[in-house]
Amino acid sequence: MATPRLVVGLTGATGAVYATRLLGRARALGVETHLVATPAGVLNAHHELGLDRKGLEALADHAHAPGDVGACIASGSFATAAMVVAPCSMKTLAAIAHGLGDNLLTRAADVTLKERRRLLLMVRETPFNLAHLRNMTAVTEMGGIVFPPLPAFYLKPTSIDELVDETVERVLALLQLQGAKPQAWTGL
């Protein structure tokens, strides 16, 4: 069986830790990763995690420049298991919702949708305005999954790391990647 491939997009919304943890867990699961980080995503990773572009790209098996619309992940013939945008800014959500493949990240998302593969967007903005909600509806109608990274407090986390890790495992499970281990609620 071929090694599954996961495309990870990183935008300028807060929450760069989700992308870095996804890349780490995917590597641990034997999933080949392809990262595309926008300039704002790299800036955010620097501010939130102290990573520069080189350090961020080292976390992935392959890294692609956002302007390289000719990269392999821009083609439907390049088979991938799924794509996740973590975090997903409202600008990127809007571009995906309206089919604007104006950079590699949005083009790869468009390809993911057209090939009927799993696309998961970890949208990061509150409160939502009507444009945000309509764009989320459009992406959902196209087959995408809108997944705001909301913490599961019923699991009684004791650290931010636990909150992030639980969300990452839920994302991996939704992407149907073998080996994901989301925690289950055990009831009261």
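How are α4 and α5 oriented to each other? In this predicted model, the two helices are oblique to each other. The axes of α4, which spans residues 90-97, and α5, which spans residues 104-114, come within 9 Å and cross at roughly 45°. Angles under 35 degrees count as roughly parallel and those from 65 to 115 as roughly perpendicular, and α4 and α5 are therefore classed as oblique. The crossing in which α4 passes α5 is right-handed.

The contact between the two helices involves T92, A95 and I96 on the α4 side, and L105, T106, A109 and L113 on the α5 side. By class, this contact of α4 with α5 has 5 nonpolar residues, 2 polar residues and no charged ones. An α-helix has 3.6 residues a turn, so residues three or four places apart point the same way. Within α5, the residues that meet α4 include L105, A109 and L113.

The surroundings of α5 extend beyond α4. Helix α5 is largely enclosed by the rest of the structure, because 8 of its 11 residues are buried. The buried residues are L104, L105, T106, A108, A109, V111, T112 and L113. Among them, L105, T106, A109 and L113 are in contact with α4. The cover over the buried residues of α5 includes several strands, namely β1 (5-10), β2 (32-37), β3 (62-64), β4 (82-88) and β5 (118-123), together with helix α4.

Y154 is found in a loop, between β6 (145-146) and α7 (160-174). R170 has its place in helix α7. Y154 has 44% relative accessibility and therefore counts as partly exposed. Apart from its neighbours within four places in sequence, R170 is in contact with F147, L150 and P182.

How values were computed. Residues are numbered from 1 along each chain as its sequence is written. This is a predicted model: local features need pLDDT of at least 70, side-chain atom pairs count only at pLDDT 80 or more; totals for chains, interfaces and linings use all residues. Side-chain values use heavy atoms; hydrogens and water are left out. Helices (H or I, at least four residues) and strands (E, at least two) are DSSP runs, numbered from the N terminus. Buried means under 20% relative accessible area, exposed over 50%, partly exposed in between (1.4 Å probe, protein chains only). Contact means heavy atoms within 4.5 Å. Axes are lines fitted to C-alpha atoms, for helices over the stretch in contact, and angles run from 0 to 180 degrees between N-to-C directions. Angles under 35 degrees count as roughly parallel, over 145 as roughly antiparallel, 65 to 115 as roughly perpendicular and the rest as oblique. A crossing is left-handed if the near helix is turned anticlockwise from the far one by less than a right angle, and right-handed if clockwise. Ala, Val, Leu, Ile, Met, Phe, Trp, Tyr, Cys and Pro count as nonpolar, Asp, Glu, Lys and Arg as charged, and the others, Gly among them, as polar.
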